[in-house]
Each structure stands twice: as C-alpha cells, then as structure tokens.
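User: I've got a model loaded and would like to talk it through. Could you take my questions one at a time?

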Amino acid sequence: MCHPAQQQCYTPTIRTKIQPLSATFAPHDPADDSDWDIDGSPPDAVVELICPNAQPAVSRSEEIESLTPRWTQGFCDVLSTDLLSMPIQFNVLDVDAIFDDKVASAQYQVTQEDLERGVLQFTGSSGLTSISFQLTTYYAQ
Ligand SMILES: [Ca+2]
Ligand SMILES: [Ca+2]
C-alpha cells in the first residue's frame, strides 16, 4: 500500500479480534444431572480463549451468572495470518469455589470465510448447547 503524499510504501498489518459473545448452557450439569451449583443457581460462565501468538497467552472473559451468558470482555487480538495458520482453543467454565466445572473445550482452525462472515458459531456438547464469537478484522500500522 502506498501513500502518494508521504511518498512511501508500507505493508499494512491485518489483525483480528476474537470476542466471546454468547452461549447457551444445558439446564443441568450433565456430569451428574444436578444443578450447576449446589445452591441451584445458574453457572458462573467464563470463557478462556487461547489464540496463536497472543499477548497475554490466555484471554479470560468476565464471569456471567446465567444459562445464557453474554460477554463483552476477554477478547484476543492477533495477526490475521497467525489466526489463519494456527488453531484457536477455548475452554468454557462454570467457576466454583474450589474446582471449576469444565463445561466444554475445543480447538478450531479459523478460515478466511470465517473472517469474512465475522462470526464463529459452535453447537453441540452435552453441557453447552451453543457458543458464538465475534471476529473483527482491521488494518493496523
Ligand atoms: Ca458448578
Ligand atoms: Ca458456579
């Protein structure tokens, strides 16, 4: 890309932000078919996101107590070329007092079509019915 005014050329850096958006939990913990928490409250839902060459290595969303949590924090921001050549990994947790319940875990290779669509949607584990992420691709200096 060239700037005529500046009479110089540079290679733009393309980056992508991945933000956990929302999920739907099963009504009960499939591990023992009981409530997610002893007091009968909904899961304390957190997403851990591991993106290629990200800083920090693990992004962690805020904790939302709901069967249908929506998150606004915990994105990773990486080079799009890294994202297209190495898989992301995410873990969905119900935060508990001593040991967190691991609800779902997956690895996925993001594709160019995903970047163009701007959203990632996954379905189908016993504890987690669905989860979605927003992908925002932008030019950085
Ligand atoms: Ca629990
Ligand atoms: Ca909990």
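User: Which residues does Val-92 touch, leaving out those up to four places away in sequence?

Analyst: This is a predicted model, so local features need pLDDT of at least 70 and side-chain atom pairs count only at pLDDT 80 or more, while totals for chains, interfaces and linings use all residues. Residues are numbered from 1 along each chain as its sequence is written, and chains are lettered from A and ligands numbered from 1 in the order in which they are written. A contact here means that two C-beta atoms, placed from the backbone, lie within 7 Å. On that basis, Val-92 touches Ala-23, Ala-45, Val-47, Val-103, Ala-104, Leu-128 and Ile-131.

User: And which residues have the most contacts inside the largest nonpolar core?

Analyst: A nonpolar core is a set of buried Ala, Val, Leu, Ile, Met, Phe, Trp, Tyr and Cys residues joined through C-beta atoms within 7 Å; buried means 20 or more other C-beta atoms within 10 Å of a residue's own, exposed means 12 or fewer, and partly exposed is in between. The largest core has 23 residues, and strands E3 (13-25), E4 (44-50), E8 (88-94) and E11 each give two or more residues to this core. Strands (E, at least two residues) and helices (H or I, at least four) are DSSP runs numbered from the N terminus. The residues with the most contacts inside the core are Ile-18, Leu-49 and Val-92.

User: What is the strand order in the open sheet of four strands?

Analyst: Two strands pair if DSSP finds at least two bridges between them. Strands E7 (76-79) and E10 (119-123) pair on one side only, which puts them at the edges. E10 runs antiparallel to E11 (residues 128-140), with five bridges joining the two, and Val-119 stands opposite Gln-134. With antiparallel pairing, the order is E7-E3-E11-E10.

User: Is Asp-33 buried or exposed?

Analyst: Asp-33 lies in the loop between E3 and E4. Phi of Asp-33 is near 55°, a positive value in a residue other than glycine. Because Asp-33 has 9 other C-beta atoms within 10 Å, this residue counts as exposed.
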